[in-house]
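Here's a quick tour of a pocket and a sheet. Have a look at the model first, then read on.

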Amino acid sequence: MSMEKISFTDLMASSIHDMKNSVNVQVNALEQIAHDAQTRGDQEAFDKLVVVIAQAHRVNANLIQLLSLYKFGKSTYPLDIREQSVAELIAEAVLQQRAVLDFKGISVEVDCPPNCDWYFDHDLMTGVLLNALNNACSYTHDKIRIAAQVQEGALVLRVEDNGCGYPAHMLERGGVGADRGVNFFSGSTGLGFYFSAQVAQLHQNNGRSGTLSIDNGGAFGGGCFVVTLP
């Protein structure tokens, strides 16, 4: 009896999918527990749960990014770039992150013209915005701004916070490349930046490709996560 050879990457993708489903169940349960703690006035328990919930959302987002990158590598991702509302894209991303934002007491300011439409893959760009919001939630003091504007024939999406900003070494290296390695002190793999950069590059028009960049400043003086789509 012969055993069918299974691709390691296919096995990993299947395992990641199962893990993602389990994390979703855990996130829902944790949010309910946090809500119950807040209702009964147990602020200490609530504050501790908020940290755990934020990290659980980050893990879930990372698993989705890994699955998407797997499909990119296999050329099986059903890329669907079409004209859509940018305001609706932002609203959906904020809604998905609403629980963490509310638990952590973070306000979100949106600066996007209501009639702003652009060509993009909705699911992928939602993932990019969720990644940016996850980062901003980790480092902001209490404010996040999402701004969208068409400049020089491209859509520029900015996610800004009022935290301390990106460290100098990240700004010097760009912070968004695929070859930045793993920081064993912080635990950062750069997966979110890599995923977002890959998504941006998939958006092409007239010989131009999308880009991802980071800087400091913006409306609040903190970190700025900037995606440009041609």
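## The second largest pocket

The second largest pocket holds about 750 Å³ of space. A pocket here is an open set of points on a 1 Å grid over the protein atoms alone, where a 1.4 Å probe fits, with protein on both sides within 12 Å along at least five of seven lines. The volume is the space filled by probe spheres set on the points, which are joined across faces, edges and corners.

Its lining counts 36 residues, and Ile 64, Gln 96, Asp 123, Gly 127 and Leu 130 sit nearest the centre (lining means an atom within 4 Å of a point). Helices H1 (8–39), H2 (43–74), H3 (86–96), H4 (98–104) and H5 (122–139), plus strand E1 (81–85), each give two or more residues to that lining. Helices (H or I, at least four residues) and strands (E, at least two) are DSSP runs, numbered from the N terminus.

## The sheet

There's also an open, mixed sheet of five strands, ordered E2-E4-E5-E9-E8; strands pair if DSSP finds at least two bridges between them. E2 (107–111) and E8 (211–217) are the edge strands, each pairing on one side only.

E2 runs parallel to E4 (residues 143–151) over five bridges, and Asp 111 has Ala 147 of E4 as its bridge partner.

## About the model

This is a predicted model, where local features need pLDDT of at least 70 and side-chain atom pairs 80 or more, while totals for chains, interfaces and linings use all residues. Residues are numbered from 1 along each chain as its sequence is written, and side-chain values use heavy atoms, leaving out hydrogens and water.
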